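The sequence and the structure are shown here for reference.

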Amino acid sequence: MNIVVLVKQVPDTYSERKLKDADHTLDRESADAVLDEINERAVEEALLIKEAQGGEVTVVCMGPDRATDAIRKALSMGADKAVHLSDEALAGSDAPATARALAKAIGTVEGVDLVIAGNESTDGRAGAVPAMVAEVLGWPQLTYARKVETDGSGVKIERETDAGVFTVEAGLPAVVSVTEKINEPRYPSFKGIMAAKKKPVAVLSLADAGIDPSEVGLANAASQVVESAPKPPKSGGVKVTDEGEGGVQVAEFLAGEKLL
């Protein structure tokens with residue numbers, strides 16, 4: 001099995017995240033950056049399949065130079081190699097442009113049988129890129145998987161949504177997105193961390209991947225944020241001293257907030 005895992009470097013959820021004043025895009029330099037947790041689960045699932053059936057796991061990442069840290073984390077977990085699509089012209093790309101660019105990057109990997117991704121990133125929360133990548137590639141999409149099974153010629157998942165749990169099957173190649181219920185990712189060992197430093201990482205520009213500059217970047221995005229403001233600070237709460245009328249005061253407060 002030749003598996004590609006899509007990974008992304010995102011601002012740490014414990015850091016203060018904000019948008020740039022100039023163009024209202026995410027200010028990635030203002031926060032600590034980490035490999036998205038859902039991507040760790042995607043990598044883990046790919047490694048489990050590899051351990052059961054053999055093959056190779058390639059990490060594909062689109063992001064600035066600093067995203068190398070996230071790539072190395074995935075490699076230290078056990079992935080074999082990586083493709084890093086990095087070009088300043090990609091900054092500000094929307095979801096459709098990102099999907100087209102990732103599909104081009106996937107196309108540089110020979111003989112891909114399966115693409116695994118997280119269902120959504122913690123910074124964008126679009127939850128649509130894996131399906132868009134599948135559409136661009138012309139491959140079946142199996143999304144929101146909590147369990148994945150493959151025999152090398154097809155793939156079957158348990159798909160969980162608000163509507164229930166479904167069994168979905170497709171032939172390979174295909175694109176699968178996983179949820180947080182899929183597994184518990186392994187911790188990189190010291191040996192894995194050291195080995196990751198020697199694993200190959202192919203860095204691609206737009207030209208290397210065959211991407212037209214007019215299809216990516218903020219200037220070519222179909223949607224843009226035109227205005228933003230920081231979240232207002234929390235105001236002081238209302239303190240109720242119960243002297244026999246506490247329940248009434250609480251009810252009146254909730255009614256005033258239209259919560260009752």
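## Strand pairing around β4

In this predicted model, Cys 61 has His 84 of strand β5 as its bridge partner. This contact belongs to a pairing in the parallel sense between β4 and strand β5, which spans residues 81–85, and the two strands are joined over five bridges.

Strand β1, made of residues 2–7, also pairs with β4 in the parallel sense, here over six bridges. Within β4, Glu 56 is the residue that stands opposite Asn 2. Strand β4 itself covers residues 56–62 and is mostly covered, with six of its seven residues buried.

## A patch of negative charge

On the surface, a patch of negative charge is formed where Asp 242, Glu 243, Glu 245 and Glu 252 gather.

## A nonpolar patch

Val 238, Val 240, Val 250 and Phe 253 make a nonpolar surface patch of about 320 Å². Among them, Val 240 is found in the loop between α6, residues 206–209, and α7.

With a relative accessibility of 32%, Val 240 counts as partly exposed, since that class lies between the limits of under 20% for buried and over 50% for exposed.

Definitions and conventions. Residues numbered from 1 in each chain as written. Predicted model: local features only at pLDDT ≥ 70, side-chain atom pairs only at ≥ 80, totals over all residues. Heavy atoms only, no water. Patch = residues over 30% accessible without salt bridge, like charges linked within 9 Å, V, L, I, M, F, W, Y side chains within 5 Å. Areas by Shrake-Rupley, 256 points an atom, 1.4 Å probe, with all protein chains shown as cover. Salt bridge = Lys/Arg side-chain N within 4 Å of Asp/Glu carboxyl O. Lys, Arg positive; Asp, Glu negative; His and termini not counted. Charge placed at Lys NZ, Arg CZ, Asp CG, Glu CD. Helix = DSSP H or I, 4+ residues; strand = E, 2+ residues; numbered from the N terminus. Buried < 20%, exposed > 50% of the residue type's maximum accessible area, 1.4 Å probe, protein only. Pairing = 2+ DSSP bridges.
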